[in-house]
Amino acid sequence: MPYESPAVGRRSLLLMAPAAAAVTVADPTGAAAHAAGRTASDYAGADARSARVDVHHHYTAPEWLAWAERKEMVSAAQLPWWTRWDAPGTLDVMDRAGIATAVVSPAMPVRGFESSAQRRESVTVALDAVAGLTAAHPGRFAFFAPVFPDDLEASRRSFTRGLDDLGAVGVQVRANTRGVYLGDPSHDRLLAELNERSAVVNTHPHELPGTDPARPAVPGVPAFYCDFPLDTTRAAVNLILSGTLDRYPNLSFILPHGGGFLPFIADRMGAFAHFLTPKVEAARVRDYLHRFYYDTAAPLGEAAAAALLATADPARILYGSDWPATPADTLTGVAVPALDRASGLTPLQRRRVNRDNALRLMPSLKRPGS
């Protein structure tokens, strides 16, 4: 998550040489595949479970942590274990999960910045780090540039450098910013500029407004368990209600965790659309839901997959791991097998979810000629 956090919890901190203009994806149709005796035509019929493109990957750069500690903004020893990101361990998990390329979201896990200038400096450090990461591991990593709806100047500097100079494939934003949900009129200038660029906007939830992550509303139930899906759902509904999807048709919004509760309340949304202010035409609700992209970081078991497929266009479902917030054993032992076994997906649809849909949405990921 590309933003500061009001408190430290297991997942309350998730968001926060230059890369080439076209980021390349590790592709089994290339030399490695031929070395293994496979051809491009062989791979064309596969479900791509060994060549996934992961659009939900949190990256807390060691360089950023060192900078933030020098500024006495964080104490790395007090941060959750998953903020101690390292390339060798991550690449090992990616290989075991069949992830060819991870599109990372630079995290900046702080309680708050002293000023916009400090935030801009933080973004510079984070972008420098992710540029180094993508250069050091060609094809294995791409990234979203962080943006902040409450700070247009910092956002503009981030997405301009990220998209124009470093090859970012989109931007990353939180579902709510200090209690103001994505799509609020105060976000129009930022969204208008991103719309001109036909940007991919990757979203991520956070604590619900008015809650204290140190004191869960339901004792013993962390925010990521129930509150995060609701936060995503609120943001999606607000993007519909505010007319954002209509005013900025060139934006492509990715909703994490299978869209939160959205697939499970799709019928409810249509039936009670007239209770919204302003009212939304019930007949248009399904059309709006088909405008979003959804990632599979849930994990996406049979029930969730069925609900999502009943709500979303299968061409708009993307693979997401939620690494490292999702532990390696859960990722490789639960989430990945659940997706591979989901009976509602045909082999072709599974291939598209694992890989092709992401390449279609973010074509700079695709290696020329692959």
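Where is the place of T177? T177 sits in strand 5, residues 176-177. This is a predicted model, in which local features need pLDDT of at least 70 and side-chain atom pairs count only at pLDDT 80 or more, while totals for chains, interfaces and linings use all residues. Residues are numbered from 1 along each chain as its sequence is written, and side-chain values use heavy atoms, with hydrogens and water left out. Helices (H or I, at least four residues) and strands (E, at least two) are DSSP runs, numbered from the N terminus.

**Around T177**

- With 9% relative accessibility, T177 counts as buried (buried means under 20% relative accessible area, exposed over 50%, partly exposed in between, with a 1.4 Å probe and protein chains only).
- Leaving aside residues up to four places away in sequence, T177 touches P149 and D150 (contact means heavy atoms within 4.5 Å).
- P149 is 28 residues from T177 in sequence, and the two are 7.0 Å apart in space, C-alpha to C-alpha.

**Helix 7**

- Helix 7 covers residues 188-196, and its buried residues are L190, L191, L194 and N195.
- Looking down the axis of helix 7, you'd find those buried residues within an arc of 135°, so they line one face of the helix (the arc is that of the directions from the helix axis to the C-beta atoms).
- What do the buried residues of helix 7 pack against? Their partners are helix 6 (152-165), strand 4 (170-174) and helix 9 (244-247).
- Just after helix 7 comes S198, which takes a positive phi of about 50°.

**Aromatic rings**

- The count comes to six aromatic pairs (rings of Phe, Tyr and Trp, the last by its six-membered ring, pair if their centres lie within 6.5 Å; planes under 30 degrees apart count as stacked, over 60 as edge-to-face and the rest as tilted).
- Among them is the edge-to-face pair of Y59 and W85, at 4.7 Å centre to centre with 85° between the planes.
- That pair links distant parts of the chain, 26 residues apart: Y59 is in strand 1 (residues 52-59), and W85 is in the loop between helix 3 (62-70) and helix 4 (87-97).
- Y59 counts as buried at 2% relative accessibility, and W85 does at 7%.
- W85 also pairs edge-to-face with F141, at 5.9 Å centre to centre and 65° between the planes.
- Y59, W85 and F141 form one aromatic cluster.

**Charges over rings**

- The charged end of R52 sits over the ring of Y319, 5.3 Å from its centre (the rule asks for NZ of Lys or CZ of Arg within 6 Å of the ring centre and within 35 degrees of the ring normal).
- R119 lies over the face of F148, 4.5 Å from the ring centre.
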